[in-house]
Amino acid sequence: MNESEFTHASENLLSKTETFIAWIKSFITWNNLFKLIGGILFVVVLWIAYRLILRGIKKTKSEKMNVHKQQMLIRFVKYVFYVIIVLEVLSLFGIKLSALLGAAGIAGVAIGFAAQTSVSNLISGLFVLTEGSIKIGDAVTVDGITGIVDEINLLSVRIHTYDNQMVRIPNSTIINSNLTNISYHAKRRITISVSIDYSTDMQTALEALKKAPGLCPTVVEDPAPAVWYDGFAASGINLTVAAWFKSSDFLQTKNDLYIAIKKVLDEAGISIPFNQLDVKIKDDSQ
């Protein structure tokens, strides 16, 4: 590089540096300084209010707000806080939301098609959160999956199955499928079908099975247990034994009731029929 070229490059660099410094100085005005200070004060005040609101929600007594509603409200407050902060920062830089949306209009259309599922889950999540059909800790069955609810979000619900697998269920699936909340009511009823031989006295069988629920310590008396005949089958006469219990005692009640039914039938000398196959051998030599 000769001397003239070096001089030209230096002058060009100096010119660009002066232009950049002048551009920086154009922002350093009293008006912009006041805007910056006002924006910082706004963020600080908003942050203090945000922390106070969160503290108030967390201190709310459980009888006034359950864990599910508390988490939902905390999550909503966080989203609102973040949105306000972003809008305030954009306004400090002179970026208007309407202009930003206009510039992103074409991209928004393309993203909108790709985000249809997310939007569907988001809208469904609002219904799930406000409907109150499920809450954290409930045992539910959705789309053939049974487990305990761990977390309820705007897009999905997370549960863990009884073999301790985490399953994420989209909220749209919950809205569009049949949801069974096993823990929704304090009491549940179990029904067990029993078959007796046609040679059995029907009244004797009925009285014997009525004793079975009383042998189970977890069966409640109100509503009272019941036993009824439920039809004539090919191999025997069908009866149904029904008993109520607390939702948390499901497995113990189920096991105890099966054991009790077998016990009372054995004591009454009543047998449970089962399919039998008679085989006859023909002797062609005779």
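Biologist: What makes R51, R55, K58, K59 and K78 a patch of positive charge?

Modeller: In this predicted model, these five residues gather on the surface. Lys and Arg count as positive, and like charges are joined within 9 Å. Helix α2, residues 30-59, gives the largest share of the patch, four residues.

Biologist: Why is K58 called exposed?

Modeller: K58, which lies in helix α2, has a relative accessible area of 54%. Exposed means over 50%, so K58 is exposed.

Biologist: How many aromatic pairs are there?

Modeller: The count comes to three. One of them is W47 with Y50, a tilted pair.

Biologist: Why is the pair of W47 and Y50 called tilted?

Modeller: The ring centres of W47 and Y50 are 5.6 Å apart, and a pair needs centres within 6.5 Å. Their planes stand at 40°. Stacked would need under 30 degrees and edge-to-face over 60, so the pair is tilted. Both residues lie in helix α2, three residues apart, about one turn of the helix.

Biologist: Is Y50 buried or exposed, and why?

Modeller: Y50 has 5% relative accessibility. Buried means under 20%, so Y50 counts as buried. W47, at 43%, is partly exposed.

Biologist: What makes the pair of Y198 and F232 stacked or tilted?

Modeller: The ring centres of Y198 and F232 are 6.3 Å apart and their planes are at 15°. Planes under 30 degrees apart count as stacked, so this pair is stacked.

Biologist: Which parts does the pair of Y198 and F232 tie together?

Modeller: Y198 lies in the loop between β6 and α8, and F232 in strand β7, so the pair ties together parts 34 residues apart in sequence.

Methods:
Residues are numbered from 1 along each chain as its sequence is written. This is a predicted model: local features need pLDDT of at least 70, side-chain atom pairs count only at pLDDT 80 or more; totals for chains, interfaces and linings use all residues. Side-chain values use heavy atoms; hydrogens and water are left out. Patches are made of residues with over 30% relative accessible area and no salt bridge: like charges are joined within 9 Å, nonpolar side chains (Val, Leu, Ile, Met, Phe, Trp, Tyr) within 5 Å. Accessible areas come from the Shrake-Rupley method with a 1.4 Å probe; for residues, only the protein chains shown count as cover. A salt bridge is a side-chain nitrogen of Lys or Arg within 4 Å of a carboxyl oxygen of Asp or Glu. The place of a charge is taken as NZ of Lys, CZ of Arg, CG of Asp or CD of Glu. Helices (H or I, at least four residues) and strands (E, at least two) are DSSP runs, numbered from the N terminus. Buried means under 20% relative accessible area, exposed over 50%, partly exposed in between (1.4 Å probe, protein chains only). Rings of Phe, Tyr and Trp (its six-membered ring) pair if their centres lie within 6.5 Å; planes under 30 degrees apart count as stacked, over 60 as edge-to-face and the rest as tilted.
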